[in-house]
Amino acid sequence: MIAVVLATSSQAAPALAAGPQVVVLGNLPGGCCSQAFAVNDQGVVVGQSMVGMGENPPERPFRWQNGVLTDLGTLGGPRAVATAINNNGWIVGYSELAGGGGLAHAFLWRPGHGMTDLGSLGETSIATGINDSGVVVGRYVADGQLHGFRWANGVMAKIVTPTGEGFDPVGVNRNGKIGGSLTAEYSGDPAWWKNDQTVASGLSGHASAINDNGDVTGTYWDGTQGAFVWRADGTVLHLTMPAGARFAATNGINESRHTVGTRTTASGNVRAVYWSEFGSPRLLPGLVPGGQSTAYGVNRRGQTVGQANLTATGGDYVAVLWTR
């Protein structure tokens with residue numbers, strides 16, 4: 001592992017005292033760009049950082065904790081990405097294997113143990129979520145078809161639905177309920193799965209996250225693209241579209257039903273958004289005026305992680321943490 005110490009106090013961009021502050025998490029050495037995908041309730045962040053400055057440089061998974069950015073390594077290949085972290089500091093994601101060919105497997109990284117290959121039930125596998133009990137969920141490809149998996153106590157099992165449809169998991173909560181989408185040929189249906197029971201929302205769209213209360217958030221397609229929260233009681237909240245937005249999408253949700261994601265204008269400008277439990281949106285500050293940004297994850301304290309561009313014209317971007 002490679003650890004890089006960052007002086008976070010000097011990395012904060014100017015912001016109004018009453019609003020969220022944005023902190024730059026930085027890049028691993030030798031790279032230009034990074035993204036933060038998840039943050040646990042202790043404020044530990046995971047994501048990916050490119051290493052190398054050439055065309056299409058490889059990604060490496062990182063952990064950011066108390067100002068220290070750590071390279072978590074790989075399963076032998078050049079590329080790996082960390083996608084989720086639980087409150088025990090266990091991290092999951094996917095990594096290319098040694099030998100080339102681009103084949104990747106889901107991994108579990110634990111403090112003091114390093115990275116473990118979780119294997120696959122087919123070809124490439126990707127871990128997308130982990131709960132505090134160490135249950136891991138994700139997806140794998142077999143014979144060109146997408147399938148969901150659940151990994152627990154060293155055993156990976158296919159997620160089977162009553163109708164035989166594929167299931168694409170995005171996360172698992174403390175009760176073992178898995179959020180995801182039933183995957184039809186041309187569209188999806190946000191749903192949850194537990195103990196071989198599947199309940200579908202009836203929405204046309206795709207789930208992006210589930211919280212410990214069983215609320216699922218994602219994106220719906222109904223003449224336009226908007227964001228929703230499918231509450232555990234079965235009701236649906238359509239989140240308010242931010243002013244000037246043509247599209248909106250969510251990527252994360254916490255236990256207060258606060259959601260984070262993006263809004264996109266007709267001109268293609270993308271900005272990170274924080275929605276309240278009532279669906280009211282607030283744009284999160286960028287690093288420069290007019291700079292684009294994306295929010296991917298949020299914890300119980302409302303700390304939000306994602307990426308922000310370093311210039312208004314695009315180009316390089318860096319992992320960031322928004323604090324309330």
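What follows is a short chat about a predicted model.

Biologist: What is the mean pLDDT of the protein?
Modeller: The mean pLDDT, which is the predictor's confidence in each residue from 0 to 100, is 92, and 93% of the residues reach 70 or more. Because this is a predicted model, local features need pLDDT of at least 70 and side-chain atom pairs count only at 80 or more, while totals for chains, interfaces and linings use all residues. Residues are numbered from 1 along each chain as its sequence is written, and side-chain values use heavy atoms, with hydrogens and water left out.

Biologist: And where does pLDDT stay under 50?
Modeller: Over residues 1–17, and where pLDDT is low the predicted coordinates should not be read in detail.

Biologist: Is C33 buried or exposed?
Modeller: C33 is buried at 4% relative accessibility, where buried means under 20% relative accessible area, exposed over 50% and partly exposed in between, with a 1.4 Å probe and protein chains only; C32 is also buried, at 17%.

Biologist: Which strands pair with β20?
Modeller: Strand β20 (residues 216–221) is joined antiparallel to β19 by five bridges and to β21 by six, where strands are DSSP runs (E, at least two residues) numbered from the N terminus and two of them pair if DSSP finds at least two bridges between them.

Biologist: What stands opposite G218?
Modeller: F228 in β21, while T219 in β20 stands opposite H206.

Definitions and conventions. Contact = heavy atoms within 4.5 Å. Helix = DSSP H or I, 4+ residues; strand = E, 2+ residues; numbered from the N terminus.
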